[in-house]
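Here is a short report on one protein chain. Keep the sequence beside the 3D view as you read.

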Amino acid sequence: MDKIKSLDRIDMTILKTLQADGRITNVELAKQVNLSASPCLDRVKRLEKEGYIKRYGAFLNASKLNYAMTAFIQVTLDRTTADVFKLFKKEVVKMKEIAECHLIAGGYDYLLKIRFADIEGYRLVLEQIAALPAISQTQTYMVTEHIKEETGLPL
């Protein structure tokens, strides 16, 4: 939290603007934050260097790319040792259908967000997940409607 205090209003506006439109030109960004182009670019480069900006990207239409369906899978491991966690992570990052993986404190160990085309695609992904080492149990929640899919931070 201390690091965010080192960001001023202009830095925060730059981050918010780039988060909304990563393709904005530096000239347009500079206008929006009331700076000239050169100091604006210097700030963006500093924010990138300091790790506030991790990467730039495009948000793709999942339906058009045959990944229209989403599910969340709770994963419970049969043992929670450092080597099992490490092996689980190593295997999960290889699976392209897993969009997100979170280690959870609570009633289960991991929460996975998966994307797939249809129920057959779901079954195949679930088979891969079930084959991972030390899996004790999984529980799936199918998404029937996407109400809000915000990828940014609430700046």
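In β3, which residue is the bridge partner of L103? The partner is Y110.

This is a predicted model, in which local features need pLDDT of at least 70 and side-chain atom pairs count only at pLDDT 80 or more, while totals for chains, interfaces and linings use all residues. Residues are numbered from 1 along each chain as its sequence is written, and side-chain values use heavy atoms, with hydrogens and water left out.

**The sheet**

Start with the names. Helices (H or I, at least four residues) and strands (E, at least two) are DSSP runs, numbered from the N terminus. Two strands pair if DSSP finds at least two bridges between them.

Four strands make up an open sheet, and their order is β2-β3-β1-β4. The pairing is antiparallel. At the edges stand β2 and β4, each with a single partner strand, so one side of each has no neighbour in the sheet. From one strand to the next, the twist averages 20°. Angles here run from 0 to 180 degrees between N-to-C directions, and axes are lines fitted to C-alpha atoms, for helices over the stretch in contact.

Now look at β3. Strand β1 (residues 69–77) pairs with β3 in the antiparallel sense, over seven bridges. One link there joins F72 to its bridge partner in β3, K113. On the other pairing, five bridges join strand β2 (residues 98–103) to β3, and these two run antiparallel. I98 has I114 as its bridge partner in β3.

The strands β2 and β3 also form a hairpin, with six residues between them. In the turn, G106 has a positive phi of about 150°.

How enclosed is β3? Six of the seven residues of this strand (residues 110–116) are buried, so β3 is largely enclosed by the rest of the structure. Buried means under 20% relative accessible area, exposed means over 50%, and partly exposed lies in between (1.4 Å probe, protein chains only).

Helix α6 packs on the sheet and touches β1, β2, β3 and β4. Contact means heavy atoms within 4.5 Å. The direction of α6 makes about 155° with that of β4.

**Salt bridges**

A salt bridge is a side-chain nitrogen of Lys or Arg within 4 Å of a carboxyl oxygen of Asp or Glu. How many salt bridges does this rule give? The count comes to ten. Three of them are listed here.

| Pair | N to O distance | Relative accessible area |
|---|---|---|
| R46 and E50 | 3.5 Å | R46 28%, E50 39% |
| R115 and E149 | 3.9 Å | R115 17%, E149 47% |
| R123 and E120 | 2.6 Å | R123 35%, E120 38% |

Take R115 and E149, whose salt bridge has its closest N and O atoms 3.9 Å apart. This pair links distant parts of the chain, 34 residues apart. R115 sits in strand β3, and E149 lies in the segment after β4 (135–142). R115 is buried, whereas E149 counts as partly exposed.

The pair R123 and E120 lies in helix α6 (residues 119–130). Being three residues apart, the two are separated by about one helical turn. R123 is partly exposed, and E120 counts as partly exposed too.

R46 is partly exposed, and so is E50. Both belong to a network of salt bridges that links D8, D11, R43, R46 and E50.
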